[in-house]
Amino acid sequence: MEISETRNLLQRLKTYKQSFTLNASVLTEWQNVVEEFSYNDINSKLSEWLKSNSNNYEYPSPYELTRGLSTIAEKELNPHVLCPICGKIISLTTFDNHFDRCSSTEYLIRMNIKHFNRTFTMKDFNKLSDIQFWTKYWEFCYLLDEKLSNSNEKRCLANAVLTHKGGKPITTAAAIVEAMQ
Ligand SMILES: [Zn+2]
């Protein structure tokens, strides 16, 4: 970030923590630590910090605000994308795995309400390890398969199970669309 952005950031800090000293050497010291990071990232970290620290005589250090953040260069090497299901920002290298689990979680929630009258949240499933989650998921798919009477939903589920395991779908997408009309 630019030195003008660092100045804005520290001025923002000063509006909340009025005893904070903002002078040229403070600005230079902060700039040395934060310059490789993006303004938006550090500004969000400052907001988080301000929300949880109400003591007027405490200030964050630049090291505290950059902890866990990727630099601008690191972010360019490792692009991130927004998951359309949970709204989290996910590294492109792990996105396929994330999306697979996220969409399967969404399916579990939707089908549990619809066919078993059971209400779950994303949180209930997010706390499970991958092994625990996928064990539950496949158990549920077999349970659901027995329960489904709507043959179209049954075929969609069978397709999902087969393609997930690397097999070929038993019903074509065209046949499913036709059955839905
Ligand atoms: Zn997601």
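User: In which helix is R7 found?
Analyst: This is a predicted model, in which local features need pLDDT of at least 70, side-chain atom pairs count only at pLDDT 80 or more, and totals for chains, interfaces and linings use all residues. Residues are numbered from 1 along each chain as its sequence is written. Helices here are DSSP runs of H or I with at least four residues, numbered from the N terminus. The run of residues 3-16 that holds R7 is helix 1.

User: Is R7 buried, partly exposed or exposed?
Analyst: A residue is buried if 20 or more other C-beta atoms, placed from the backbone, lie within 10 Å of its own, exposed if 12 or fewer, and partly exposed in between. Because R7 has 14 other C-beta atoms within 10 Å, R7 is partly exposed.

User: How are helix 1 and helix 3 oriented to each other?
Analyst: Axes are lines fitted to C-alpha atoms over the stretch in contact, and angles run from 0 to 180 degrees between N-to-C directions. Helix 1 and helix 3 (residues 39-52) pack at an angle of about 10°, with their axes 11 Å apart. Angles under 35 degrees count as roughly parallel, over 145 as roughly antiparallel, 65 to 115 as roughly perpendicular and the rest as oblique. Helix 1 and helix 3 are therefore roughly parallel.

Conventions:
Helices (H or I, at least four residues) and strands (E, at least two) are DSSP runs, numbered from the N terminus.
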